[in-house]
Amino acid sequence: MQRRQVVPVFVYRSVSAIITAYGREESVEQTKAILESISDGVFTVDSNWKITSFNRAAEEITGISREEAIGRECSEVFRSSMCETACALRESMASGKPVLYRSGYIVDSDGERIPVSVSTAVLRDENGSVLGGAETFRDLSEIQSLQKQLYETYRVEDFVSRSPSMQKVFKIIPAVASSPATVLIQGETGTGKEVLARAIHSSGSRSGEPFVAVNCGALPDTLLESELFGYARGAFTGAAHSRQGKFEAAGRGTLFLDEIGDVSTAMQVKLLRVLQEKTITPLGSNEEIKVNARIICASNKNLSQLVESGEFRQDLFYRINVVKLDIPPLRERLEDIPQLLEALLKRHSFALGVDVKDYDPQILPLLMGYNWPGNVRELENFVERAVVLSREGLVSFGDLPPEIIPEKSVHHSDAGTLRNARADTEKQMIVQALENNRFNRTAAAAELGIHKTTLYRRIKALGISLPSSDGRSSNATNTT
Amino acid sequence: MFLARNMHTGAVEVNKVRLAITVWNGRIAPVFDVAGTLRLVELSGGAVVQDQLLSFPRDGGMFSRVTSLSQQKIDVLVCGAVSRPVHRMLADSGIEVHSFVSGDAEEVLEAFLNGSFDDAAYFMPGCGRGRGRQGRGRGAGIGRRGRNGGFGPGWKEV
C-alpha cells in the first residue's frame, strides 16, 4: 500500500541550471531569477555547511526567512529526517555526483512533519575546486493532498468504501441528508451503521445540531422509555429532578435509534405514536413536547422478516422504512479491505504516535481471505492490536491473531484424523454462526443452511456449550 | 545549594536533576525524532555528578524512544526540532521539554546551567520570534528556571 512518489523532472533541471550558472558573473542575475521563480526550495551551502543562499520557495516551505537562514548550519535550518544518517548533500560532496529524489521529511517550527523529496549536487568554481553544494527540495504535501482527494471520492465523512453497492448509497446520501425523511439502515453488527448515520447527519443542514445515539437493544423497556422521553420531577421514587429525554436532547439535530429491531412490542407502540404525532410526553408529566429531530433507525436484523414473523409491528416498519439503506457485510465487499486497512493504520499509528508504515504484502491474502464476521469493527480491532504490537515498520505474519490464520483448524485437531479435522471445522462454524446471531439457534441454523433440530443435534454431539442467556431469552425479556 | 521537592515523586532532595541533550557532531541534534545520541548529565546541588553519552536506538520507533527517556528517569530534555505527536508523548511522560534548540552542545549545557539559556541565539532559525507554537511555549517556560537552579516546573524550591 506504499504509494509511489511523483517527482517532476524539473527538480533535476533546476539543479543543473544552478550548477551551470553558478560562478559565472554574467549569469548571476539569471541564476537569481531562476531561483526566485521556481516552486522548489533551493539552498546552497559552503564547505562548512553554512547556508549561503536560500530562495523564495525555500522560505515558503520551511517558514524561515532567508535573513535567518543565511550563515546558519544547514541541518539547523532544514531539520530533516535525513540530516544525521542519510544527508544527500554530504553524499554529493563526498562523491562529486548528484543525488536525486531522496525522500524524507522536515520538521517545521510548528512541529509539523512536511514530506519532501531532495536532490543535491556539488558546486565548483571555474577551476573545478569545490565551493560547496546545492540542494533542491520539493514539498510533497500537495501531492499527498491530491492522493487524499482521490481517496476522498471513496468516502462520505468517515465511511470508506469503493464497493459498487456502497457507491450507490453514497450517491443518494446528499439527497437523503437534505431531507427530513426517516431513514432505516440495515446491516450486520460492526458494518458501520452508526458511522453512516453520522455521515448523513454531518452532510445535511442539521450538521451544526446535536447527533444523539441510543442503543435500544441495550436497555429494558422502563429504562429505554425514560431515556427516550425523559421524566418529570417526582415521576417515580428517587426522581428528585426532571430529566430531558433523548428526543428532546436531539433538538433540531438527529436521533439515532440503534438496534430498533430489539425493542419490545409495547415500546414499538410508543415509538409509533411519537413518529406519527411528532410529540413526546415525559414520564410523570402531562405536558407534550414537540419533536423536531430527524430520526435514523438501524438494525442488524432483517426487519421485513421480523414483520413476517410477527416480532415487529408492520405500521412502525412502514413509518421508519421511508428511505432504506443496506450496508453489505465486509465479506461481500472485499475490495474495501485494502483501503480500510490503510485508513485504519494511519489513524491508529497517529493516535498512538508510532511509526507503523504498512502491511507485509504476504499477509494481505490472509486478510482478504478471512470472513470478518465482526465486519469493520473486527478489522479495526485487528489493526489497533497490530499497531500496538508492531509499533514500527510493517505489520507482519506474527501480528495476526490465530483466527485469521487458515491452517488453525487442521493444526489444532487433536488426533490429526480427517474426522477430527472435520469436527473441529464444523464446531468452529457452528460457534461462529451462534455468535453472529447472539446465540439465537433458529437464526444460526438459518445462517448455516440447516434445520434447527439438526443444529441442536450437532451442538449436543460436538459438546458446544451455550451461555445461559441467549438471543431467544433476551428477545423474550424485551417482549414482556 | 537548594533543597527541592520533586513534583513527580513528592520527595525533598538536594536539587538533583537528570538532564538529557540529543547531540550530533558536538551540536544539538537537528531532529529529535531521529537523533542517534543522547548526552545524559546528572546534576546534584548545582554540580555535575554524572556525564555520559548513550546511543539512542534508531530502530526503536517513537514509543521506545520516549520510554527509554522515562526509564532513564530524565527530568529535562534539551533537543532540536521535534514533531508535534512526539512532543506530546514526551510531555505526557512528565518530561520537561526544551525543543527547537540549536548550537554547540557544550555551550548550550553551560547556558542551561548558568540560566542564560533563554538567549534567542539558541533557538533554531524561525523559532525565536514566536512564530512556532512549540517555540513560543519554550520561551515562556525558560524564564522560570533561575531560582531553583534552572529546572522548571518539575521542581519546586522548599
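This is a predicted model: local features need pLDDT of at least 70, side-chain atom pairs count only at pLDDT 80 or more; totals for chains, interfaces and linings use all residues.
Let me begin with chain A, where A:Glu426 and A:Arg458 form a salt bridge in which the closest N and O atoms are 2.6 Å apart. A:Glu426 belongs to helix α19, residues 418-436 of chain A, while A:Arg458 belongs to helix α21, residues 452-462 of chain A, so this pair ties together parts that are 32 residues apart in sequence.

Over all chains, the count comes to 27 salt bridges, and I would like to go through a few others. In general, side chains of opposite charge can pair when their charged atoms come close.

The next pair is again in chain A, where the side chains of A:Asp40 and A:Arg138 meet in a salt bridge with an N to O distance of 2.8 Å. Because A:Asp40 sits in the loop between α2 (28-37) and β1 (41-46) of chain A, and A:Arg138 sits in strand β5 (residues 130-139) of that chain, the pair ties together parts that are 98 residues apart in sequence. Are these two residues buried or exposed? A:Asp40 is buried, with a relative accessible area of 0%, and A:Arg138, at 16% relative accessibility, counts as buried as well, since the cut-off is under 20%.

Turning to chain B, we find B:Arg18 in a salt bridge with B:Glu42, the closest N and O atoms being 2.6 Å apart. Here the partners lie in two strands of chain B, B:Arg18 in β3 (residues 16-24) and B:Glu42 in β5 (residues 37-44), so that parts 24 residues apart in sequence are tied together. Both B:Arg18 and B:Glu42 are buried. There is also one network, made by salt bridges that share partners, which joins A:Lys50, A:Glu73 and A:Glu76 with B:Arg27.

Finally, let me turn to a pair of helices in chain A, namely α10 (residues 221-229) and α12 (residues 265-277), whose axes come within 10 Å and cross at roughly 15 degrees. Since angles under 35 degrees count as roughly parallel, α10(A) is roughly parallel to α12(A), and the crossing is right-handed. Which residues make the contact? On α10(A) they are A:Asp221, A:Leu224, A:Glu225, A:Leu228 and A:Phe229, and on α12(A) they are A:Ala266, A:Met267, A:Lys270, A:Leu271 and A:Val274. The residues of this contact divide into 7 nonpolar, no polar and 3 charged.

Methods
Residues are numbered from 1 along each chain as its sequence is written. Chains are lettered from A and ligands numbered from 1 in the order in which they are written. Side-chain values use heavy atoms; hydrogens and water are left out. Axes are lines fitted to C-alpha atoms, for helices over the stretch in contact, and angles run from 0 to 180 degrees between N-to-C directions. Helices (H or I, at least four residues) and strands (E, at least two) are DSSP runs, numbered from the N terminus. Angles under 35 degrees count as roughly parallel, over 145 as roughly antiparallel, 65 to 115 as roughly perpendicular and the rest as oblique. A crossing is left-handed if the near helix is turned anticlockwise from the far one by less than a right angle, and right-handed if clockwise. Contact means heavy atoms within 4.5 Å. Ala, Val, Leu, Ile, Met, Phe, Trp, Tyr, Cys and Pro count as nonpolar, Asp, Glu, Lys and Arg as charged, and the others, Gly among them, as polar. A salt bridge is a side-chain nitrogen of Lys or Arg within 4 Å of a carboxyl oxygen of Asp or Glu. Buried means under 20% relative accessible area, exposed over 50%, partly exposed in between (1.4 Å probe, protein chains only).
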